Structure formats: C-alpha cells, structure tokens
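These are my notebook entries on one structure. I set down each point as I looked it up.

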Amino acid sequence: MNIAFCSSEVYPFAKTGGLADVSGALPLSLAALGHNVKIFMPWYKGIEPDKHFDDFGIINHQGVEVVFIKNDHFFKRDYLYTTSQGDYPDNLERFSFFSRQVLKALKELNFAPDIIHNNDWQTSLISVYLKVFYKNDDFFQNTKTVLTIHNLVFQGIFDKKHFSCLDIGWDYFNMHFLEFWGKINLLKGGIIFSDTITTVSPTYAKQIQKKEFGCGLEGVLKEKKENLTGILNGIDYNVWNPKSDKLIYKNYSQSLKKKSENKLSLQKEAGLAQDKNFLLFGMVSRLTEQKGLDILTEAIDSILDKSQLIILGLGDPKYHKILKEKRKNNKDKFALFIDFDETLAHKIYAASDVFLLPSRFEPCGLSQMISFKYGTIPLVNLTGGLADTVSDISRGGGGFTFKKYSKNNLIKAVKEAQKLFKDKKKWSSVVKENMKKDFSWKRAAKQFLKLYQGLTGS
Ligand code: ADP
C-alpha cells in the first residue's frame, strides 16, 4: 500500500509537541510492516535535505523518504506557527500553500497514494483540495483520506476576508463546509472532506462528541461518528528508552540504584538539594490551562512541603510569572526552566520519581507512557488518553490518579505519592511493573493498517 503521511511537524526535524513524536514514529512503524510510506512536511529553517528539486527536498530517514515542501518565505522562520507576539498572521496562506503543494509533489514523484493521512488543521486542506481539484484525476482515483485529530482545541480558525487565498469557490464557505460562526475553520473542512477521522485515544473519541470537550464541533463529529475511531498513540522506544538514551546521565533498565544516580545529577545541575531520599516530582509540558497549570500552581505549596519539584515548559506568560514567583522562596526545592529543551526533558523523565500530568483534558498524552518506561510513576487526572493508559496503584495499576479535576483532588494524589514513597519495597515493585509495559507503535500501526484496508477495500 502507498501511504502519504502529512504533518506540520515531524521529530527529529521539527517539534513543538506530541504531534511531532507521532509523525516521527508512526510512519516508520507502517513502513516496518511492509508498506511504501512517504512523509510530507514543510521545509523549515535548519533542515538540510539530501536531494533537491524545484519545489521540495528529500531526506531518507531510516528507510522512509521525508519530502520537505519548499517556500523560503513561508517556512524558513524562527518558529513553526507562533512567536511571543502571537500566531504568524499568514498561517492560512502558509498551510494552504503547503496543502496544495503536497498534492502536486505526489504527482511529480509519481507516488499515487492509496491513503493520504493528514494530521490536525495544518494539513486538513489536503482532503479538501483532493476532492475539489482532483475529483476526476485518474492519478488519485483510488486515494482515500484519513484525518487524525491530535487536539480539537486547535482548529485553524481564520477571518473570512482571507478566504480567497484558499483558491476555492465561495460556495464552500457555508455551514456544510468550511464556515464556522462566520469564520473559516480548516479542521472542520478536514472533518467533512476526509473519508475517515481518527483521534488519539478511545476515550477522547467519545468525549469530543459531547459539548464539554467538542469545542463547538461536537455536532459535526457526531454526524461522522460511524467514521470516527480512537486509536491510542504509542511511543518510539528507539527515542525513549533509559537503557540506551544518550541524553540522560546514566543508562539503566531495572536498576533503581542507577536511576537514582540520574536524580542526584539532575538535582545538582538544577540547583536542588542533593539527596536521593527526597521525593522528586517532574513535569515537562506546555504550561497552559489544558495541562492543569491552574490547579498545579495552587497545589505547589503542598508539593514542596515534603518534596522537590522540577518543571520544564513554555506556554502562557501568566503561568510563567506565577511559577517564577513561587520559585523565589523555594530555590533548593523547586527548579524551573521556561524553555523547550529536548535534552533536559529526557533528564527529567529519568531523574524524577513522579511525573505530573494533572491535565484538565488530554487527547492522548505521551508523557505518562514515557514515564512508565523510565520508572517514573505518573500522577494523572483520569481524562482522555490518561484514562486509557493509567489506572490507580490502589487498584493494581501503575499511577497516582484523581478523577474530578480540582486542586484538592490533585493534592490528595500528591499526598498518596508522598506516603507510598516511604514504602520502598512497594514503590520499587510498582516501578518495575511499569517499566515492563509496552506502548510501542506496532499495535497502533496495525490498527491504522486495518482502518486503511477497510477504506481501500484491500
Ligand atoms: P501536547 O499536547 O503538548 O502535544 P503530548 O503529551 O502529546 O502533549 O506530547 C508532548 C511532547 O512534547 C512530549 O514528548 C514532551 O516530552 C514534549 N515536551 C513538551 N514540552 C516540552 C519542553 N518544554 N521541552 C522539551 N520537550 C517538551
């Protein structure tokens, strides 16, 4: 099967979050199952393709070709979508250009896809353009489209005054197509025009059909519910494995002694008091309300009462300020890095005892799966993908959990962690069980293939 996988970020070439992890791993797993896969992404600053063509460049990445769509003006910038001043004002032009060029590049490469797999609003227009521009084109006659929604909050909404840059007729600007409360909504277009929709966990697939999590698109999604599936993400154990991870201080597998050497080293590097008997909470995250920053900032005093905390993240300036303020009086207990730093992220997964994920909502979440592998116990709000991957230690599971999103419930779970940390034997048996869990991409890749085969009738 020929599969074109299209994404606005792909690890290790460009990353702002989980979408890059997924796009860097799932296509490789599909290829490993014997299929012809090509990845399409923008040619951002810093990328150096091996092969050059007029409109794109290509790198062979672990046996899979990554095609970088070229437009220096649109893509060779310091950030992918947003600067500290806000979103780039021409994001609609940038990603509509990208979407048109992907379809042209497929023809130029003579790669007739059975499946075009798009991801999020940035590539949603590919499904639209395929049906609008190429309906009668033999080259795409057998092509089916899949759209994966990684986070429904991000829909690609733009003022209608820019509609002409899409190059499609105004008859597509109505409530049955791309119009949404008087604006252009790219994700809505993708949902309507794609042959099937997936999202990144079974629980989130149900949640987004309801008002609370549907972000205004619950009606559109409900209408497509026969074609809406939740397939849980995986993680790439070539990137996330404490046994071989080159970015951490000391490699380890089942040895908690070696894991604690990572803790001592990170405590030192981060300026925390060095003691392996201090319980260390870690967090690597976008610092936004979605990730639970409102209740976390309220619970910090309880965390620091008996433990240490290290946070790495970027996000809402409001939370940067609150966290910096909290740190002032707790410098030996609380380390804060307002940054995006891949190396430090790996060190935090390896060094921490507990990983904090108190998300208000979470489509899938990768950090809890990474934490399992690194012997770091996740502490989560049971929503979305967190509910599909973590269950409570008191019920034989591998995490500290709470169910109703509130500061008090978060604090209760923190106290559970502080209590269990004193029971070294139980702690170590939970950690060892967690490290055996398998969330590799192979399972998800097989589920996607089944979905593709259902669509193409192969
Ligand atoms: P998101 O909603 O942000 O995509 P996910 O849990 O799906 O959340 O994925 C987040 C990914 O981004 C993880 O690999 C996490 O380690 C990484 N990450 C988040 N923030 C940072 C940061 N500040 N520095 C380095 N990595 C980060």
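**Entry 1: surface charge.** Which residues gather in a patch of positive charge on the surface? I worked from a predicted model. In it I found that the patch consists of Lys250, Lys257, Lys258, Lys276 and Lys424. I then looked up Lys424 and placed this residue in helix H16, which covers residues 424-436.

**Entry 2: a sheet of three strands.** In what order do the strands of this open sheet stand? I read the order as E10-E12-E11, with antiparallel pairing. Strand E10 (157-158) and strand E11 (179-180) are at the edges. Each of these two has a single partner strand, and therefore one side of each has no neighbour in the sheet. I next looked at the pairing of E11 with strand E12, residues 183-185, and noted two bridges between these antiparallel strands. For Phe180, I recorded Lys183 in E12 as the bridge partner.

**Entry 3: a cis peptide bond.** Most residues other than glycine have a negative phi, and most peptide bonds are trans. With this in mind I searched for exceptions. The peptide bond between Tyr11 and Pro12 is cis, with omega at about 10°. I located Pro12 in the loop that lies between strand E1 (2-6) and helix H1 (18-32).

**Entry 4: positive phi values.** Asn110 is not a glycine, yet I noted a positive phi of about 55° for it. This residue sits in the loop between helix H3 (91-108) and strand E8 (115-119).

I found Cys215 in the loop between helix H7 (211-214) and helix H8 (218-223). Its relative accessibility is 33%, so Cys215 is listed as partly exposed.

**Entry 5: Asp114.** Where is Asp114 found? I traced Asp114 to the loop between H3 and E8, where I had also placed Asn110. Asp114 counts as partly exposed because its relative accessibility is 25%. Finally, I checked Asp114 against Leu103: the two are 11 residues apart in sequence, and their C-alpha atoms are 13 Å apart in space.

Key: Residues numbered from 1 in each chain as written. Predicted model: local features only at pLDDT ≥ 70, side-chain atom pairs only at ≥ 80, totals over all residues. Heavy atoms only, no water. Patch = residues over 30% accessible without salt bridge, like charges linked within 9 Å, V, L, I, M, F, W, Y side chains within 5 Å. Areas by Shrake-Rupley, 256 points an atom, 1.4 Å probe, with all protein chains shown as cover. Salt bridge = Lys/Arg side-chain N within 4 Å of Asp/Glu carboxyl O. Lys, Arg positive; Asp, Glu negative; His and termini not counted. Charge placed at Lys NZ, Arg CZ, Asp CG, Glu CD. Helix = DSSP H or I, 4+ residues; strand = E, 2+ residues; numbered from the N terminus. Pairing = 2+ DSSP bridges. Buried < 20%, exposed > 50% of the residue type's maximum accessible area, 1.4 Å probe, protein only.
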